[in-house]
Amino acid sequence: MTTDTASPTKTKPLGQRLLEAGFLTEDQLSLALRELQRLGGHLGETLINLGFITQDVLSAFLAQQTASAVIDLANVYVEREVLDLVPYELAKRLPTLPIKRVGDVLTVALVNTMDVVAVDTLERKTGLVVNVVSAPLTTLLDAVDQFYAQSGTIDETVDQLLRQGLEQLEEGSGIEAPMIRLCNQIISLAIKDRATDIHIEPDEKILRVRLRVDGVLRQEVLMPKQLQAPVIARFKLMANLNVTEKRLPQDGHITFTAGHRPVDLRISSLPTSFGESVVMRILDKSSVKHEMVALGLSERNQTIFEQAMKRTHGIVLVTGPTGSGKNTTLYTGLQAINTEERSVFTLEDPIEYELPLVRQTQINSDIGMTFPVGLRALLRQDPDVIMVGEIRDRETAELSIRAAFTGHLVLSTLHTNDAIGALPRLMDMGVEPFLLPPSLIAIIGQRLIRRLCDHCKSERPDAELVLQAAEVKVPPGMSPRLWEGKGCELCGGSGYRGRIGIFEILAFDERYHEAILHGPDLKEIARLAKEAGMRTMIEDGIDKALNGVTTVEEVLRVIHG
């Protein structure tokens, strides 16, 4: 990650300084030093690999000690003219990323802000005065690859392919390298734009590439029809799929190196009337922060969630449609658990993110490793906490309830529209109503909404008219103020950048027993929940709109579809 020297006045080793600052324990430092002696490398990198500290924390710590600023490269837009000042080979070797130029001053990001050799090299190459800010190594390498990948645009690569002639590709010569670069550029663009899915869509006369960014599909690239077969063949080859089989659906997996880190892509091909459709789901582990503050929970909801994670037995369910962030919420809950003192297991389909000190098991129905089979085996592993990826059937539901009754904390998900809707869903599966009140701790309903771009949002002058047209009442104590995104380079002109959750949490106690046993009486449960202070998802979303996090239109789009 970095060397253990920070400045001439800091004579203590990095590990000792981190220990004294409270970022490490004695045991963690001792293990890291033994691993460093065994494997070599740098202490910072070893600490990160062991999961004892994050890159962001280490970078901020080192920057503080050298009195330099830390830059978030995820929120940076670099103009092409600035990139052209530093050749890609030099940026990769140092490594560095030029950020902006103001007059004769060029601001660049470096890992080690005291690297005088790098600064001197850049000043001689550019003829400019260099100002240095700090960035973590892996973040910096990722940014270098992603920004420079776009300096040679996709359109330029497509033009090169067409100029050279597709007949060369069929003969296996000449054109192959540009085709590899084109497919890599598409993936790099998707990662840079924080896309969750890449759609390669054949049409009658063209090949279309669309990206799902912040939950919304947007068109990125149109290519001539003659590129369809080689592009799709290249992606299938990357996933080790059968390139010659075009009549049957296929599923595969791609590991793509973005800068310094591997990014997983799950790929699916499907025959259509105009050729094979390919969709790739991007699992970028470094882009997801499993932290309570990142979820978007209100103060009340966060308190309920944290208290639920401290319980020794019972069930916590997270509900919502596909793509609503349920797994992220569960992972965040697991991160809040003291895994050094509690035994934590998961059953997942698939395992999306690896967690330290958590034993994670992949479901594989093809060989009989189903949720019920895995859950039975897992209960013999002396677990304290169990995460079941999804409750899909009666057997899994009953086993989860049995586990809750026998002293285990169980976390899982259901596909329902809201928190209260989970109750009739469980009963439809065959769960007896009398088992629910004593086993349920809380049910969380959630959706993901787009956040306004912080770089281009501004207050709306027509807030009261918008609220009136949407039939939204402003809660007591809040001002009728709204914001909108104007659109900028950083958000791709959409006015939104990133997503955040809106939630409702139904926390159970003895008041709900009768209403659940008799029906359940959903209206009575809703009345009791409101009486207890529960805010619905739409109310939580309106609160976020009134606080400038999102827009009323976005909340209504997500809630009402």
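Helix 16 and helix 17 cross in a left-handed way. Left-handed means that the near helix is turned anticlockwise from the far one by less than a right angle, right-handed that it is turned clockwise. The model is predicted, so local features need pLDDT of at least 70 and side-chain atom pairs count only at pLDDT 80 or more, while totals for chains, interfaces and linings use all residues. Residues are numbered from 1 along each chain as its sequence is written, and side-chain values use heavy atoms, with hydrogens and water left out. Helices (H or I, at least four residues) and strands (E, at least two) are DSSP runs, numbered from the N terminus.

Back to that helix pair. Helix 16 covers residues 371–378 and helix 17 covers residues 394–405; they pack at an angle of about 20°, and their axes are 9 Å apart. Axes are lines fitted to C-alpha atoms, for helices over the stretch in contact, and angles run from 0 to 180 degrees between N-to-C directions. The angle therefore makes helix 16 roughly parallel to helix 17. The cut-offs are under 35 degrees for roughly parallel, over 145 for roughly antiparallel, 65 to 115 for roughly perpendicular, and oblique for the rest. From helix 16 the contact takes F371, P372, L375 and R376, and from helix 17 it takes E395, T396, L399 and S400. Contact means heavy atoms within 4.5 Å. Sorted by class, four of these residues are nonpolar, two polar and two charged. Here Ala, Val, Leu, Ile, Met, Phe, Trp, Tyr, Cys and Pro are nonpolar, Asp, Glu, Lys and Arg are charged, and the others, Gly among them, are polar.

D349 sits in the loop between strand 11 (344–348) and strand 12 (359–362). Apart from its neighbours within four places in sequence, D349 is in contact with Q362, I363, F371 and R392. Its C-alpha atom is 8.4 Å from that of E390, a residue 41 places away along the chain.

M537, I538, G541, I542 and A545 of helix 23 meet V552, V555, L556, I559 and H560 of helix 24. That contact divides into eight nonpolar residues, two polar ones and no charged ones.

Now a strand. How many residues of strand 10 are buried? Six of its six residues, 314–319, are buried, so strand 10 is largely enclosed by the rest of the structure. G314, V316 and V318 point one way, I315, L317 and T319 the other way, and all are buried. Strand 10 runs parallel to strand 14 (residues 409–414), joined to it by six bridges. V316 has L411 as its bridge partner in strand 14. Five bridges join strand 10 to strand 15 (residues 440–452), also parallel, and T319 stands opposite G445 there. Two strands pair if DSSP finds at least two bridges between them.

Three strands make an open sheet with mixed pairing, in the order 1-2-3. Its edges are strand 1 (97–102) and strand 3 (129–134), each pairing on one side only. The twist averages 25° from one strand to the next. Strand 2 (residues 105–110) runs parallel to strand 3 over six bridges, and A109 stands opposite V133. Helix 7 (residues 116–126) packs on this sheet, touching strand 2 and strand 3, and its direction makes about 140° with that of strand 3.

The other sheet is open too: six strands in the order 6-5-4-9-8-7, with antiparallel pairing. Strand 6 (216–224) and strand 7 (250–258) are the edges. Strand 7 pairs with strand 8 (residues 261–272) over nine bridges, with D251 opposite S268.

Last, helix 12 (residues 228–238) is mostly covered, with eight of its eleven residues buried. Among them are V231, I232, F235 and K236. After helix 12 comes N240, with a positive phi near 60°.

Conventions. Buried < 20%, exposed > 50% of the residue type's maximum accessible area, 1.4 Å probe, protein only.
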